[in-house]
Amino acid sequence: MDKIIGMGNALVDVLATLQDDSLLDEMNLPKGSMQLINEDKFLKIRDKFSVMKTHKATGGSAGNTMLALANLGVQPGFIGKVGNDDFGQYFKRNGVKRGIDMKLMVGDLPTGVASTFISPDGERTFGTYLGAAATMKAESLTLDMFKGYAYLYIEGYLVQDHELILRAMQLGKEAGAQICLDMASYNIVEEDLEFFTALVNKYVDIVFANEDEARAYTGKEAWEAINEIASMCSIAVVKLGAQGSCIKKGTECIKLETPPVKKVIDTTGAGDYYAAGFLYGLTCGYSLERCSIIGSILASSVIQVVGTTLSKKKWDEIKLNIEALLQS
């Protein structure tokens, strides 16, 4: 089985379920977006959350994906930066416990926190205070961090530092890894479109995007968008939410429809878990169709809980579903 390492913002998620979306308006957070916030806004949100029922989990897009892979029995790696605080210790401890090789740098700022607002319809909105994560720099990366891994999975949120993401991709390529990029959020793509295009054309082998991100990137709807993205890389994956996903590699094009989920509780991590399932399939040498089905199995499981933590019982059920798929 090929090995995977992820790189991204090491964050702790603090999640709260909303009765309505008025708090999003009050905090000036567009529904469904990921907004970077300063310390002042973070403290205001923390005050609001202090009187609400909240849930804590390790987070960050690439962190979620590596955690899901670890729960499938893969032993991935993770590169990120935390603060010298309780949240930082929590993030490291949670990863190590699940068998992730945690290549964590420690900075002077507090560990980053993603304040996650879950709307009544399950849509999630993030107000992200990056803290120490934002101080991870290109010069801190070394070739040894990437050696031994067949895939490097990078979250698009890292484009806030062009030098960092470029250096990571260059080192990943030098170490012999295929580069996987998740486009992160439609507003992130819109704000840095030219740079995203340069990355995909020069370094990226596998692109993951949802419909909004694909539209922001190409100006086209899913089926036209996937053709354009696939012309720039080896494999293009466009996630269609409840409608499934479409995948294109060369002339091979797959549309996977997924059965409806009875009740969507929280869509946090759905894309991250889909990517984990898809990459798990790739590392095992499965067909693109099976990779996409495994991705959908994971995504449909995580949207039925608050946050991204699934029970051991649920993971056992997922593994049985994957085994059944392989025997069919």
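Figure 1. The model is predicted; local features need pLDDT of at least 70, side-chain atom pairs count only at pLDDT 80 or more, and totals for chains, interfaces and linings use all residues. Residues are numbered from 1 along each chain as its sequence is written, and side-chain values use heavy atoms, with hydrogens and water left out. β13 and β14 pair in the antiparallel sense over five bridges. Two strands count as paired if DSSP finds at least two bridges between them. Strands (E, at least two residues) and helices (H or I, at least four) are DSSP runs, numbered from the N terminus. The hairpin of β13 and β14 has two residues between the strands, and Gly250 takes a positive phi near 60 degrees.

**Figure 2. Strand β12 (residues 235–239) is joined to β13 by four bridges.** The two strands run antiparallel. Ala236 has Lys248 as its bridge partner in β13. Five residues lie between β12 and β13 in their hairpin. Gly241, in that turn, has a positive phi of about 65 degrees. Strand β13 (residues 245–249) is mostly covered, with four of its five residues buried. Buried means under 20% relative accessible area, exposed over 50%, and partly exposed in between (1.4 Å probe, protein chains only).

**Figure 3. Nine strands form an open sheet with mixed pairing.** The order is β6-β5-β1-β9-β10-β11-β12-β13-β14. β6 (101–107) and β14 (252–256) are the edge strands, each pairing on one side only. Neighbouring strands are turned by 15 degrees against each other on average, direction ignored. Strands β1 (residues 4–7) and β9 (residues 151–155) run parallel and share four bridges. Ile5 has Leu152 as its bridge partner in β9.

Figure 4. Axes are lines fitted to C-alpha atoms, for helices over the stretch in contact; angles run from 0 to 180 degrees between N-to-C directions.

**Figure 5. The largest nonpolar core has 54 residues.** Such a core is a set of buried Ala, Val, Leu, Ile, Met, Phe, Trp, Tyr and Cys residues joined through side-chain atoms within 4.5 Å. Among the residues with the most contacts inside this core are Met7, Ile79, Leu141 and Phe146. Leu141 touches partners including Met105, Leu164, Arg167, Ala168 and Leu171, not counting residues up to four places away in sequence. Contact means heavy atoms within 4.5 Å. A second, separate core of 47 residues includes Val82, Ile235, Ile247 and Ile254.

**Figure 6. Ser292 is buried in helix α11 (residues 288–302).** Its relative accessible area is 0%. The side chain of Ser292 reaches the backbone oxygen of Glu289 at 2.6 Å. Leaving out residues up to four places away in sequence, Ser292 touches Ser245, Ile247, Leu256, Tyr274 and Phe278.

**Figure 7. Leu29 lies in the loop between α1 (22–26) and β3 (34–36).** Leu29 counts as buried at 3% relative accessibility. The C-alpha atoms of Leu29 and Phe126 are separated by 7.8 Å, although the two residues are 97 residues apart along the chain. Beyond neighbours within four places in sequence, the contacts of Leu29 include Leu24, Gln35, Ile37, Ile45, Phe117 and Phe126.

**Figure 8. Lys31 and Asp21 meet in a salt bridge.** Their side chains are 3.1 Å apart, N to O. A salt bridge is a side-chain nitrogen of Lys or Arg within 4 Å of a carboxyl oxygen of Asp or Glu. Lys31 lies in the loop between α1 and β3, and Asp21 in the loop between β2 (11–17) and α1, so the pair ties together parts 10 residues apart in sequence. Lys31 is partly exposed at 38% relative accessibility. Asp21 is also partly exposed, at 24%.

**Figure 9. Arg215 forms a salt bridge with Asp212.** The closest N and O atoms are 3.0 Å apart. Both residues lie in helix α8 (residues 211–218), three residues apart, about one turn of the helix. Arg215 is partly exposed at 32% relative accessibility, and Asp212 is partly exposed at 40%. Elsewhere, salt bridges that share partners join Asp21, Lys31 and Asp121 into one network.

Conventions:
Polar contact = N/O pair within 3.5 Å; in protein donor to acceptor, adjacent residues only side chain to side chain.
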